[in-house]
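Thanks for making the time; before I talk, please take a moment to look over the sequence and the model on the screen.

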Amino acid sequence: MLFIKGKLPGAQLDGGAMSFDNSDLISGWRYSATLQLRTPLAYLKRHDEFSPGPQVPPIVGPAEGHLPDGTGFNPYGIWLPVIDYSILPPSTLATRATGWGPVRIGSEEERNLISFLKSFRYIVETAEGLDQMLSELKELSTSTPENRKVWKKLKKADPLFPDSFFSSALESLPGVGSSMAQKLYQAGFRTVVEVQAASDGELLAIPGLGKGLLAKIKG
């Protein structure tokens, strides 16, 4: 998501998409991937892709929702207008949201994060099994000075990272929230299949998991 401090002439945000009523300002559109761990590698690879002309390019990937005018959107990225930023006041700052807070667009911090996210998603999408993922992510965390900085910031924002990234998948179980997902994960149940295959006794041994929640999980 993009945040702009100050007023951008002719621009408005509509349901997460940026639109313009002054096409004379636009020389083209540049794709901005959502800089989050959940963003698939296919979208991250298209980050900074340029499309000329005043017309907004088609959505990247399948739509997961639609604006009132029928325009499709998904949470993994957005086309942003390319304009002459010299028209903006000196105090105007453009930043985008990340896993630890806003970063300045075009900054070294942003470039380092994009590089890290591409490596992170490659591991998540290609590794065979969770143990391999965690092993490769451990190597990634210290592979370069830049990656060490990104990893440190992600850990500061979420001390349970990277386990929290994987345990969040357990929240798809009926009645399981983030806290219980963490408890299940820490108890050794890493996937939904493993939880559902566990015995009643194994699950009831987890603090806070009672018979009511057990019945929901087992369906």
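When I call a residue buried I mean under 20% relative accessible area, exposed is over 50%, and partly exposed lies in between, with a 1.4 Å probe and protein chains only. This is a predicted model, in which local features need pLDDT of at least 70 and side-chain atom pairs count only at pLDDT 80 or more, while totals for chains, interfaces and linings use all residues. Residues are numbered from 1 along each chain as its sequence is written, and side-chain values use heavy atoms, with hydrogens and water left out.

In α4, Asn147, Val150, Trp151 and Leu154 are buried, and they cover an arc of only 100° around the axis, taken from the directions from the helix axis to the C-beta atoms, which puts them on the same side of α4. On the other side of α4 we find Lys149, Lys152 and Lys156, which are exposed. The cover over the buried residues includes α2 (108–126) and α3 (130–141), where contact means heavy atoms within 4.5 Å.

Which residues does Ser141 touch, if we leave out those up to four places away in sequence? Ser141, which sits in helix α3 and is buried with a relative accessible area of 9%, touches Asn147, Arg148 and Trp151.

How values were computed
Helix = DSSP H or I, 4+ residues; strand = E, 2+ residues; numbered from the N terminus.
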